[in-house]
Amino acid sequence: MADSKVKQRYAVIGGGWAGCAAAMELARAGHAVTVYEAARTLGGRARRVERGNGQAHAVLDNGQHILLGAYTETLRLIKLAGQDPAELILSLPLQMRYPPGADGMDFVAPRLPAPLHLAWALLRAKGLQRADKLALMRFSTAMRWMGWQLYSDCPVSELLQRFDQTARLNRLMWHPLCLAALNTPPERASARVFINVLRDSLGARRRSASDMLIPKADLSALFPDAAARYVAQHGGQVNTGVKVAALLALPDGRWQLDDAQRFDGVIVATSAVQAASLLQGLQDARLEPAISQMQALTAEAISTCYLQYDAALRLALPFYALVDTPALAQWGQFVFDRGQLDSQQAGLLAVVISASGHAAEQGHGPLAQAIAAQLAQVLGRPELAQPLWTQLITEKRATFACTPELLRPGNASGVPGLLLAGDYTAGDDRTLDYPATIEAAVRSGIAAARAACQGKQAGQKPR
């Protein structure tokens, strides 16, 4: 981004990944940036949390995340902030591996040039029958022929049926990938957005785009904390524990926050719910389309259950996929061995449940007990039924439900000088829309900052 000739003052409301990305881009362009974050910890819905004290003290995340090698903007900003991804992230080749004896599959892409790595992985995959492999090959070939674009959206389940994907392949691969990527069940998830994610990973020309990246450091340390240091080093300021309750549009085109500070522009990088509430206070008719679209979004939850065992416990792999069968009280979809990421977390397992609304209704105790029992059974290790302690973290509004033909606001709010940033926003091109992921948040923050610098604050048509 070219440096602006005139240094301006910008406020970024929200210190999640979108807000931190926006703040870094503005600071890099030479502007004065002030970030306001209501919580004490930066990161928003992908941040560090601390549990207990003394011997039971643990530094956790409010949700276990997997990044992708296709997350180019996230990786770029992590490096720009002075971080070394090689030290902070475990990079694994694309894989879908279930515990041995769990009636799953074992699919691992070797480090060969794309797309040979996928063909070789499919050829060597265990747990899939010939019909399953042919179905997967047929789907991949069709998507490449279509340019990984779907102009008429539909649910993911309908897309899979259209391309005759087998029940086993759906259960072991497509459904878990859909839940992990979109946090929305396949019956309700947007096939177009799902294909966008597959295009940038499975369909990319770079083999590394499909790599699975697991953070070793806590999520706040991985990027938001480093972004705050970057902003401070460039003359900006990051305030935590400070909530912005109101915005005021001034006659001269500037903006005033409730702490009386004035800014040339404002980027609202909170959740959609908080952003809608803040914008409503302005009572400006030009904001009504964006507010209506934000209010129409429905939330999906993600739950992460941490289970601490003896420090000597170790799984054979850093993570496994799990078959979730709610009817049998088996809710877990992926299990991660945190000890293989951070030696300080030896014996700590993290189990992820996407679209976890129904699971979370079971309550902390019963759900944690059910997950421990599931691990003991599928991993064939009875001792896993008795963890030393458990911690269940449920983000009730972790993402929006990524449904077909969903109308999402853009970065432009409709009012000059006021922009939106967050994983819920849409890009200029529908074929580039992403689900509510870290990469989507980062891309949105960057786009909002660049629009601010280029003076593109006019309202855009909703899609």
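**Salt bridges and a surface patch**

At 31% relative accessibility, R450 counts as partly exposed, a class between buried (under 20% relative accessible area) and exposed (over 50%), with a 1.4 Å probe and protein chains only. This is a predicted model: local features need pLDDT of at least 70, side-chain atom pairs count only at pLDDT 80 or more, and totals for chains, interfaces and linings use all residues. Residues are numbered from 1 along each chain as its sequence is written, and side-chain values use heavy atoms, leaving out hydrogens and water.

R450 forms a salt bridge with E25, with the closest N and O atoms 3.4 Å apart. The term means a side-chain nitrogen of Lys or Arg within 4 Å of a carboxyl oxygen of Asp or Glu. This pair links distant parts of the chain: R450 sits in helix α15 (residues 438-454) and E25 in helix α1 (residues 17-28), 425 residues apart. Helices here are DSSP runs (H or I, at least four residues), and strands are too (E, at least two), numbered from the N terminus. E25 is buried because its relative accessibility is 0%.

The structure holds 23 salt bridges. R162 and E158 meet in one, at 3.3 Å, N to O. Both lie in helix α6 (residues 156-162), 4 residues apart, about one turn of the helix. R162 counts as partly exposed at 44% relative accessibility, and E158 does at 36%. Elsewhere, shared partners join E25, R28, E73, R76 and R450 into one salt-bridge network.

Now the loops. L112 lies in the loop between β8 (106-108) and α4 (116-124). L112 counts as partly exposed, because its relative accessibility is 35%.
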